[in-house]
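Here is a short report on a protein model.

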Amino acid sequence: MPTVDSMVVKRGTPSRAHRKSFTFAITCISRFMIYRDRVLGWSKSGRRRAGIDERVSRHSISSAESVLDAVFVEPSERPAAAAILLCHGIGETVEQWFGVQQLLAANGVASMVFDYAGYGKSTGRPDWDQFELDAVAAFAALEKMAPQLAISVVGFSLGSGVAVATISQLNARSLILCEGFTSFREAAAAAWVPRALARLVPPIWDACPPLSQCKLPVLIVHGEKDWLFPKEMAADLAGYCNPKAEVVLVPNTAHNQPFRTPRLEYWGPVIAQASR
């Protein structure tokens with residue numbers, strides 16, 4: 001019987017088994033977390049009264065054979081100073097990020113959040129190559145929606161891997177990593193994946209090579225009480241950058257808190273970086 005090792009073409013190269021395990025795990029985890037958040041009432045947490053400071057539009061974006069669901073939010077009372085493309089985390093959909101988008105709009109920043117293939121109302125199925133295609137397609141769509149604005153890319157949690165992997169393909173102003181990880185395998189280890197299953201975790205989204213070559217300004221924002229990815233990962237990410245990235249550690253902030261209870265203490269540095 002073939003072992004996982006025999007199915008790996010060479011060390012560091014994802015195999016067919018990796019791709020299947022990724023799709024299965026991401027699908028199961030995402031559906032569980034989305035269902036949990038709906039049951040507990042977290043899906044709409046963080047929202048303010050709609051229509052005061054923002055204009056909202058919903059869009060369908062073609063990405064290879066998938067169609068992505070995306071929400072674009074911009075200030076209603078003044079022109080936006082900048083725009084953000086936000087790549088969200090593993091168990092989230094656009095609805096959970098509307099409160100953050102409202103906060104950004106109230107502070108002069110337009111934003112678009114999209115669901116990866118297989119998430120929410122987006123068609124297709126989860127796959128790391130597809131996620132990267134999704135980010136590139138979403139960025140191109142945002143450029144058309146806001147042609148006069150410089151766009152920064154924000155990667156949150158799982159989205160930090162997507163953002164880092166695609167940033168060299170995007171005409172972005174800056175890269176902002178929130179609750180980010182150093183590699184997908186290290187993220188899985190931090191999330192308590194048993195050692196016996198570690199070889200099924202694909203060797204993808206290693207942040208070191210792309211960050212060492214990234215010429216854009218990089219900001220890293222991380223909660224000091226992140227229970228999933230320790231703050232030491234933020235320091236490691238900054239160390240990969242040349243020149244070294246700026247790191248903001250936000251006190252009393254856990255992993256999912258930034259989008260469940262959006263606060264300027266966390267998102268203020270993001271707004272400042274995007275608006276420079």
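The sections below go from the sheet to its helices and then to the cavity. The model is a predicted one.

## The sheet

Eight strands form an open sheet with mixed pairing. Their order is β1-β2-β4-β3-β5-β6-β7-β8. The edges are held by β1 (54-63) and β8 (246-250). Each has a single partner strand, so one side of each lacks a neighbour in the sheet. On average, neighbouring strands are turned by 20 degrees against each other, direction ignored.

Strands β3 (residues 82-87) and β5 (residues 151-156) run parallel. Five bridges join them. Within this pair, L85 has V153 of β5 as its bridge partner.

## Helices on the sheet

Which strands does helix α4 touch? Helix α4 (residues 128-145) packs on the sheet and touches β1, β2 (66-75), β3, β4 (109-114) and β5. Its direction makes about 130 degrees with that of β1.

Helix α8 (residues 231-240) lies across β6 (175-178), β7 (218-223) and β8. Helix α8 runs at about 170 degrees to β7.

## The cavity

Rolling a probe the size of a water molecule over the atoms shows where empty space is left. How many cavities of 30 Å³ or more does a search of the whole structure find? The search finds one. The largest cavity holds about 30 Å³ of space.

Its lining consists of S160, G161, V164, A165, F181, T182, W205 and A207. Five of the lining residues are nonpolar and three are polar. No charged residue is part of the lining.

Technical notes:
Residues numbered from 1 in each chain as written. Predicted model: local features only at pLDDT ≥ 70, side-chain atom pairs only at ≥ 80, totals over all residues. Heavy atoms only, no water. 1 Å grid on protein atoms, 1.4 Å probe; cavity = no way out; pocket = protein on both sides within 12 Å on 5 of 7 lines; lining within 4 Å. Points joined across faces, edges and corners; volume = space filled by probe spheres on them. Nonpolar A, V, L, I, M, F, W, Y, C, P; charged D, E, K, R; others polar. Pairing = 2+ DSSP bridges. Helix = DSSP H or I, 4+ residues; strand = E, 2+ residues; numbered from the N terminus. Axes fitted to C-alpha atoms, helices over the stretch in contact; angles between N-to-C directions. Contact = heavy atoms within 4.5 Å.
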